Amino acid sequence: MFLKTDELREKFIKRSEELKAVSDVDQLRIEYLGKKGYVSALMQDLRNASAEEKKEAGKTINELKQFIESAIAEKIEILKKKEVQLLIDAAESYDESMPSSNDLGSYHPITLVKREVESIFTSMGFTVEDYSEITDDYNCFEALNIPPHHPARDMQDTYYLSSNQLLKTHTSAAQNTILRKYKNNLENGNPIRAIFPGRCFRNEKIDACHENTFFQMEGIMVDKDISVSNLIYFMKTMLSEVFQRDITVRLRPGFFPFVEPGFELDIQCLICGGTGCSSCKDSGWLELCPCGMIHPNVLTAAGIDPEKYTGFAFGLGLTRLAMMRYGVKDIRVFNSGNLKSLSQFTEKSFVNPESK
Ligand code: PHE
């Protein structure tokens, strides 16, 4: 009997060393510990043995059984680890030193222009604010001095949702929220300087120049003694940076209920330099950005005393800026989802007006 258990133990160790996969372990387990396995057979042999022998041999057989059980458990652990490692090795096709593929996609041209304008304004102390695309009548119109039935609403028909909500028609819809967010700054002697880019929606007849979904970037600055000259300074600086050259601007009167006085800011045509060409319809100027001094009613609606503080606001057409910057003649390209067109734009592909 002792001879047999020792022999079986040796045999088991040898067999288990040859195992290569977790799935092979079961076979071995059945051979040794199964109902008809070697260990049961040893037990069977004990049937005719004396009580003394049974006690002694039973102990030895049990030890063998325990040895096999724990050896099998250990073997499974080792083989599992090995199998995982084999999988990792097999998947080792990734090489971090390889150049990336050209098919990874590209940024949307409006994202590129937006980021550039953001970085210019943040360098001048402006914060970049986020605002939802869904808002309500109060924020989009009433807080901006546009009461119900005001004719200025005609230009800004939009998509109305149930629950009295609507898709914002301009980034000005965020003015009240942002003014409230920062109005305590003013009491502490700090100006409010913020830009808020966003997607806007209007009921438009779509053509090469009009879209029902487009991007704007609003900017506001409020402090003591802010005047139109501050507005002109910031706009000129930003545009000169965007177009990488000195930009000449002019202001024309423009009406928006939430600014007083209100302006249309034009830039001298980049293509002809002001002498007149087809791009500027021979006027020498391009309309770029409506702006003005924030109306006292708008400041009051946000809890800011218009006797103490003044500010300017502008609504830069980001989509329009991207068209000018890249020389895109049809606005529909931007929302087309046409990767062939949209993936051409990179930081380097801006139109160089000088080369035209
Ligand atoms: N929100 C206006 C529009 O979209 C633009 C604007 C912004 C005008 C800020 C003045 C000041 O038409």
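Helix axes here are lines fitted to C-alpha atoms over the stretch in contact, and the angles between them run from 0 to 180 degrees between N-to-C directions. With that in hand, welcome to a predicted model, where local features need pLDDT of at least 70, side-chain atom pairs count only at pLDDT 80 or more, and totals for chains, interfaces and linings use all residues. Residues are numbered from 1 along each chain as its sequence is written, and side-chain values use heavy atoms, with hydrogens and water left out. Helices (H or I, at least four residues) and strands (E, at least two) are DSSP runs, numbered from the N terminus.

**Helices that pair with α4**

- The axes of helix α2 (residues 22-33) and α4 come within 9 Å and cross at roughly 170°.
- That crossing makes α2 roughly antiparallel to α4 (angles over 145 degrees count as roughly antiparallel, under 35 as roughly parallel, 65 to 115 as roughly perpendicular and the rest as oblique).
- In contact terms (heavy atoms within 4.5 Å), V22, V25, R29, Y32 and L33 of α2 meet a set of α4 residues including K65, I68, E69 and I72.
- The residues of this α2 contact divide into 8 nonpolar, no polar and 5 charged (Ala, Val, Leu, Ile, Met, Phe, Trp, Tyr, Cys and Pro count as nonpolar, Asp, Glu, Lys and Arg as charged, and the others, Gly among them, as polar).
- Helix α3 (residues 38-45) and helix α4 (residues 51-90) have axes that come within 10 Å and cross at roughly 175°.
- V39, L42 and M43 in α3 meet I61, N62, L64, K65 and I68 in α4, and the residues of this contact divide into 6 nonpolar, 1 polar and 1 charged.

**Helix α7**

- α7 bends by about 40° at K181 (the angle between axes fitted to the seven residues ending there and the seven starting there).
- Its buried residues (under 20% relative accessible area, with exposed over 50% and partly exposed in between, using a 1.4 Å probe and protein chains only) are Q175, N176, I178, L179, Y182 and L186.
- After α7 comes G189, with a positive phi near 85°.

**Helix α8**

- Among the buried residues of α8 are L231, F234, M235 and M238.

**Y107**

- Y107 sits in the loop between α4 and α5 (109-123) and is partly exposed, with a relative accessible area of 46%.
- Leaving aside neighbours within four places in sequence, Y107 is in contact with L112, R115, L342 and F345.
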